[in-house]
Amino acid sequence: MSQLFYDAAPNATRVSPEREPDRQYPEKPEAVTLFGTCVVDLFFPEAGLDAIRLLEREGVRVNFPQEQSCCGQPAWTSGYRDEAKAVARAQLDILDRSGLPVVVPSGSCAGMFRHHYRVLFADEPGTLRRVEALAERTFELTEFLLKVCKVQLADRGAPSKIALHTSCSARREMNTHLHARELLQQLEGVERVDHDHESECCGFGGTFSVRMPEVSGAMVKDKTRSLMDSGAVEMVTADGGCLMNINGSLEKQKESFRGRHLASFLWERINGASAGEVV
Amino acid sequence: MSQRIPVTELTPDFRGRAEEALADGQLRNNFRVAMDSLMTKRANAFPDADEREGLRELGNRIKAGALSRLPDLLEQLEQKLTENGVKVHWAETVEEANNLVHGIIEARKGSQVVKGKSMVSEEMEMNDYLAERGIECLESDMGEYIVQLDNEKPSHIIMPAIHKNARQVSKLFHDKLGEPETEDVNQLIRIGRRTLRRKFMEADVGVSGVNFAVAETGTLLLVENEGNGRMSTTAPPVHIAVTGIEKVVPNLRDVVPLVSLLTRSALGQPITTYVNLISGPRKPDELDGPEEVHLVLLDNGRTGAFADAQMRQTLNCIRCGACMNHCPVYTRVGGHTYGEVYPGPIGKIITPHMAGLDKVPDHPSASSLCGACGDVCPVKIPIPELLQRLRQENVKDPEQPQQVKGGGAKYSRTERWIWRGWQMLNTRPALYRSFLWAATRFRALAPKKAGPWTENHSAPVPARRSLHDLAARHLDQNGGRSS
């Protein structure tokens, strides 16, 4: 355990006691749209593909509109409202075409759809109605699998110890901080270990990581250290941004420990092999 | 103690100060340990999530309701306080407030002031103002006393000396007071108390802050744990309370949930050791209490925040400090890095109204928007949302009229064009797909350095094929739709 964590109460930053998810979930639909997110698209496409396979395994047909790009969050959190709004409008149009439920393999992009689009379009009553409808039918991948598909996972992997990193958006915007835990609990051979300051931000924060590299760097160093000190052999997370931040930092530090997207982890556990590198 | 406080003279920008703080292992350890302990205390003070959420909702409603009729409540407060024998003074600026305080002290020919803890007096830099006019102003809160002794500013609004550990305080007392070194906290407190007791008796004027000003009864409520607040407000013949105009609440009933929220959020205490209800000077048949009580109500930019429906929410703040205790940025860089009176998340959203956004242009960016601050705020100020709003104000064209004082400080034509380009890329599917194609095809050519990103990370290398590509192929083969 590193010096900085010596005296810390375990999970001190967890805002306890944890809240119960309060969302009402619909029946399982026949088809959904997968919104891949730009980070997964370019850096973790295998996680997106594994998400598609997990959904198909539940008998859900997956639609992937080729016109989709980014949810607009980078500009929105950087203060560029007009630019964010233009990109948001493009996604809204694309997602409205089929009107299918939208599944997102990233908490922060799902949070963008569910919460921030409302703010962006607050001054356009007509669009706002469509935004409300999109918010209603947007699901983060873990909650869709667990609560809508009521997935049952049969573990075929070897015993393993893992740490789970939950993104701040999943925890605080999507209220899905317990869903990934429940999914992992279904896997007999997987032991999830707590890591110190588990609920604390990994330091990514989009453009925060390049505007404040000193502070962001200190945060991700602490996060990677506590993950490695946890006794886990790897980390899983359901958020592309955190994954890019944590893995990029680990690689820079020349550590062998790595994180993986939860979709890829789950797919490998139930099949005994990853669908990722089929290309 | 008339020297200027050194903190503001250090490295001029937030990032530079942050870098220095991050390199200070002792400082980081002090903050991490202290904030961890405070977070645990708060969590333990709210064992029932439903009760906590109900109380936060109530706290928000009381403060928002009070603000919605702020002018009326302030008028009522002035009238009731006047009836109770308290003299009410209004100050638009810190200069005016300092002038008023100085005038009151001068009228009594006072030369010694003892002060309970007051963040508004920090806002005014009252100690310096009075010192320049030959008046000694001694801090009587233990933490404030320590930072004053070391010519520093508070690093936390509730625990001003939280950046120091017992060893550092011991050394300070040894160097400045000639006391023998000891790391026994009780012994250190005893040293401080010995000096202060005498000062309470000698002081001509006592200054304090106010936690809640009750309009219906004309009562000033002050919570504290050390008794120094009670001493400062009762022992000297004159008591001057200074506070911001947003502290007014309609009636005493409102104070009960607010005090509970304040003390539990701040220190995990069900209630503070002292709760002072001050409703006027000593009456003829009373044995003690001050002969004169004054209240200075300070604006200092608050009406600017008040005028903006969204930013008005910053005035809900009851100064508990929970947002900084839970902030991963504050925990790492400490309060002095912010370079302003109010540090941490709440500081980032109130300072622009006081000093102007152009004075603190990096503050809105100093957040990963993790949301912990908003999650624990006892009066439900949506701090991340307001930070995002300030980021927008920051990059507005400075030629245009500004909605927040000092807006447009981070305007950059280049950056605006970069985001326009980003917008074009993400609204034109053919262009976006060409970009994906090129980025994955020429991934080997990805730059090895990517600005500040590669200071902390390896260079990002795109995957061999994009998800657009993989999904199209997969869905074609498996009967899904890749429309």
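Predicted model: local features only at pLDDT ≥ 70, side-chain atom pairs only at ≥ 80, totals over all residues.
Local features are given only where pLDDT is at least 70 and side-chain atom pairs only at pLDDT 80 or more, while totals for chains, interfaces and linings use all residues. Residues are numbered from 1 along each chain as its sequence is written, and chains are lettered from A and ligands numbered from 1 in the order in which they are written.

**View 1. The open sheet of chain B has six strands.** The strand order is β1-β10-β7-β4-β2-β3, with parallel pairing. Strands (E, at least two residues) and helices (H or I, at least four residues) are DSSP runs numbered from the N terminus. Two strands pair if DSSP finds at least two bridges between them. At the edges are β1 (86-91) and β3 (136-139) of chain B, each of which pairs on one side only. Neighbouring strands of the sheet are turned against each other by 20° on average, direction ignored. Such angles run from 0 to 180 degrees between N-to-C directions, with axes fitted as lines to C-alpha atoms, for helices over the stretch in contact.

**View 2. Strand β7 of chain B pairs with β4(B) and with β10(B).** Four bridges join β4 (residues 205-208) and β7 (residues 238-244) of chain B in the parallel sense. Along this pair, G206(B) stands opposite H239(B), and V207(B) stands opposite I240(B). The pairing of β7(B) with β10(B) is also parallel and runs over seven bridges. G244(B) has L298(B) in β10(B) as its bridge partner.

**View 3. Both faces of β7(B) are covered.** On one side V238(B), I240(B), V242(B) and G244(B) are buried, and on the other H239(B), A241(B) and T243(B) are buried. A residue is buried if 20 or more other C-beta atoms, placed from the backbone, lie within 10 Å of its own, exposed if 12 or fewer do, and partly exposed in between. Seven of the seven residues of β7(B) are buried, so the strand is largely enclosed by the rest of the structure.

**View 4. Helix α4 (residues 70-83) of chain B packs on the sheet.** The helix touches β1 and β10 (292-298) of chain B, and its direction makes about 145° with that of β1(B). Two residues are in contact if their C-beta atoms, placed from the backbone, lie within 7 Å. The 14 residues of α4(B) reach 20 Å from the first C-alpha to the last, close to the 20 Å expected at 1.5 Å a residue. The expected span is 1.5 Å times one less than the number of residues. L73(B), L77(B), E78(B), K80(B) and L81(B) are buried in this helix. The buried residues of α4(B) pack against elements of chain B including α3 (49-68), β5 (212-214) and β8 (248-249). Just after α4(B), G85(B) has a positive phi of about 95°.

**View 5. Helix α2 (residues 25-45) of chain B has 21 residues.** The end C-alpha atoms of α2(B) are 30 Å apart, which agrees with the 30 Å that its residues should span at 1.5 Å each. Among the buried residues of α2(B) are L27(B), F31(B), M35(B), L38(B) and M39(B), as well as R28(B), R32(B), D36(B) and R42(B). What covers the buried residues includes α1 (14-22), α12 (252-267), α14 (322-325), α15 (328-333) and α17 (372-376) of chain B.

**View 6. E125(B) and L369(B) have positive phi values.** E125(B), with phi near 50°, is found in the loop between α6 (119-124) and α7 (126-131) of chain B. E125(B) has 17 C-beta neighbours inside 10 Å and therefore counts as partly exposed. L369(B), with phi near 55°, is found in the loop between α16 (344-355) and α17 of chain B. L369(B) is buried, with 25 other C-beta atoms within 10 Å.

**View 7. Chain B is in contact with chain A.** The contacts involve 68 residues of chain B and 66 residues of chain A. On the chain B side there are 31 nonpolar, 24 polar and 13 charged residues. Here Ala, Val, Leu, Ile, Met, Phe, Trp, Tyr, Cys and Pro count as nonpolar, Asp, Glu, Lys and Arg as charged, and the others, Gly among them, as polar. Chain A has 13 helices and eight strands, and buried residues make up 61% of its 279 residues.
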